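This report describes a single protein model.

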Amino acid sequence: MPNNIFYTLQKSSYLDEKLQAYANSDCYPFHMPGHKRSAKLELPNPYSMDITEIEGFDNLHHAEGILKEAQMRAAETFGAKSTFYLVNGSTCGILSAISAALPRKGTLLLSRNSHKSAYHAVFLRELETIYLLPSFTEFGISGSIPPAHVEQALQEFPQIGCVFLTSPTYDGVVSDIQAIAGIAHAHNVPLIVDEAHGAHFMFSKKFPSPALRCGADVAIQSLHKTLPCLTQAALLHVNSKRVDTDALKRFLSIYQTSSPSYLLMASIDKCIRFLREESTARMTEFTQLLENFYRKAESLRRLKVFTPSSCPPESCFAHDFSKILVSVGKTGLTGKELYDSLLKTYHLQMEMSSGHYVTALTSLMDTKEGLKRLSAALEDIDHKNRPMEYGEPEHLLTAELIYQAPKPAMSISMAMDQHTETLPLKASTGHISQEYVYLYPPGIPLVAPGEVLTGKLLRTISQCQGMGLSVEGPSDMAGRNIRVVKM
């Protein structure tokens with residue numbers, strides 16, 4: 001690749017040209033989507049296939065023909081009682097599932113490390129929230145949700161009408177869904193699982209058991225994240241009658257576009273056909289590549305690659321090892337510096353960087369060459385950087401520091417309906433936020449509307465900004481001001 005490739009990628013003001021330049025480069029994608037731009041996946045000219053609801057092609061919102069059959073195939077493939085195509089990503093599935101499971105102003109038991117779409121459902125349905133805080137791991141990432149915490153919450157708050165968890169997390173951490181489903185059902189409430197990052201679990205025993213198999217009532221999966229499918233393509237699976245299917249359909253018709261893309265739906269159907277025909281051989285090859293990578297990573301002396309063996313089960317019940325997490329360890333780097341080095345020097349595009357680590361997302365479409373390039377780059381960085389004299393630096397931001405226990409003062413919907421004023425972030429201590437602040441990715445709130453902005457939280461936000469992490473949410477795109485509830 002020429003040395004000026006990043007200039008080449010940046011100089012065009014036309015998106016199609018910039019996408020083509022990236023596709024033509026040797027920059028390897030350790031990011032979504034799961035098809036990894038593979039040349040083995042063929043698609044004709046998309047303009048020649050782009051249609052609307054014409055004769056013979058069915059209607060997603062009133063499926064009676066080919067789309068009904070396609071969704072039935074998907075349900076059979078993933079072991080669901082019924083399955084719905086999602087063309088607005090897992091976001092619309094999460095919005096629909098929460099909306100269907102609870103009446104307006106109901107109470108939701110929500111894992112705090114949930115995607116922002118779950119919080120948007122809370123706002124739209126004016127729900128009250130009770131949060132489940134994840135454990136933390138020695139590696140510095142958020143861990144699993146302890147089943148005992150679910151039991152305690154359901155006993156203390158009998159008004160809870162639904163439990164919503166994210167498993168796996170963006171980092172691949174899985175909670176004990178079977179135990180949590182049993183607890184939820186004993187209290188006669190449904191369990192919805194955001195399994196957006198776990199659509200591949202069904203196709204190899206090397207991965208954790210999928211949520212449907214563990215008793216989840218509804219599971220939402222983003223095919224595009226870890227499988228060969230176009231971006232925005234996702235599925236919503238129903239596994240019981242605890243969430244009304246008619247209500248789900250009604251909300252899907254609200255939150256999904258009325259003009260669903262037939263290209264996206266064809267991508268879903270093709271992906272499922274691919275899985276039914278080729279997943280066994282592909283998954284065997286893929287998991288072997290991963291196992292080889294992790295064996296090589298054991299020789300790293302300064303960088304540290306996450307493995308669940310370093311965590312007790314109560315902090316990490318299980319882990320999806322297709323999510324490769326690389327800590328800066330004792331290199332003296334920050335997560336953003338490691339991310340930048342992998343991109344600019346080795347032309348490896350990671351999925352994300354956090355305070356002290358980077359994430360490489362892999363899928364069954366990754367190649368032996370790609371994993372070898374990552375191994376070689378990490379070995380090179382490991383050798384180039386001198387170890388810290390007294391161990392790992394204390395200034396690095398871990399998940400435990402970034403994601404602090406919230407201090408709610410009012411509900412999300414109530415806060416967003418109040419009169420507002422705009423303050424400098426540094427002068428907003430003690431005020432109630434009317435906006436979200438989150439790192440993107442993964443889109444988990446550091447603070448949500450209705451919560452108090454503490455001095456510790458504001459220092460963390462400032463630290464994240466200073467490290468070059470992507471802090472989003474406030475209407476002030478520069479990130480210097482925030483809207484708060486007017487006192």
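## The open sheet

Seven strands make up an open sheet with mixed pairing, in the order β2-β9-β8-β7-β5-β3-β4. Two strands count as paired if DSSP finds at least two bridges between them; helices (H or I, at least four residues) and strands (E, at least two) are DSSP runs, numbered from the N terminus. The edges are taken by β2 (82-86) and β4 (128-132), each with a single partner strand, so one side of each has no neighbour in the sheet. From one strand to the next, the twist averages 20 degrees. Angles here run from 0 to 180 degrees between N-to-C directions, with axes as lines fitted to C-alpha atoms, for helices over the stretch in contact.

Within the sheet, β7 and β8 pair in the parallel sense over three bridges. I192 has V218 in β8 as its bridge partner.

## Basis of the model

The model is predicted: local features need pLDDT of at least 70, side-chain atom pairs count only at pLDDT 80 or more, and totals for chains, interfaces and linings use all residues. Residues are numbered from 1 along each chain as its sequence is written, and side-chain values use heavy atoms, with hydrogens and water left out.

## Helices on the sheet and against each other

Helix α4 lies across β2, β8 and β9 and runs at about 120 degrees to β2. Helix α8 (residues 177-186) lies across β5 (160-166) and β7, at about 150 degrees to β7. Contact means heavy atoms within 4.5 Å.

The axes of α5 and α10 come within 8 Å and cross at roughly 140 degrees. That makes α5 oblique to α10; angles under 35 degrees count as roughly parallel, over 145 as roughly antiparallel, 65 to 115 as roughly perpendicular and the rest as oblique. On the α5 side the contact is made by C92, L95, S96, A97, S99 and A100, and on the α10 side by A247, L248, F251, L252 and Y255. The crossing of α5 and α10 is right-handed, a term used if the near helix is turned clockwise from the far one by less than a right angle, with anticlockwise being left-handed.

## Salt bridges

Side chains of opposite charge can pair when their charged atoms come close. The structure holds 13 salt bridges, each defined by a side-chain nitrogen of Lys or Arg within 4 Å of a carboxyl oxygen of Asp or Glu. One of them joins R276 and E76 (3.7 Å, N to O). R276 lies in helix α11 (residues 262-297) and E76 in helix α4 (residues 66-78), so the pair ties together parts that are 200 residues apart in sequence. R276 is partly exposed at 43% relative accessible area, whereas E76 is exposed at 57%. Buried means under 20% relative accessible area, exposed over 50% and partly exposed in between (1.4 Å probe, protein chains only).

Another salt bridge is formed by E291 and K206 (2.7 Å, N to O). Because E291 is in helix α11 and K206 in the loop between β7 (191-194) and β8 (218-222), this pair ties together parts 85 residues apart in sequence. E291 is partly exposed at 26%, and K206 is partly exposed at 48%. D217 and R242 also meet in a salt bridge (2.9 Å, N to O). D217 lies in the loop between β7 and β8 and R242 in the loop between β9 (234-238) and α10 (245-255), so the parts tied together are 25 residues apart in sequence. D217 is buried, with a relative accessible area of 1%, whereas R242 is partly exposed at 41%. Salt bridges that share partners join R104, K105 and E126 into one network.

## Backbone geometry

Most residues other than glycine have a negative phi, and most peptide bonds are trans. K105, a member of the network with R104 and E126, has a positive phi near 70 degrees. K105 lies in the loop between α5 (89-101) and β3 (107-111) and is exposed at 55% relative accessibility. H347 has a positive phi near 60 degrees. The loop between α12 (335-344) and β13 (348-350) holds H347, which is buried at 13%.

The peptide bond from M32 to P33 is cis, with omega near 0 degrees, and P33 lies in the loop between β1 (28-30) and α3 (46-49). The bond from P441 to P442 is cis, with omega near 15 degrees; P442 is in the loop between β17 (437-439) and β18 (444-447).
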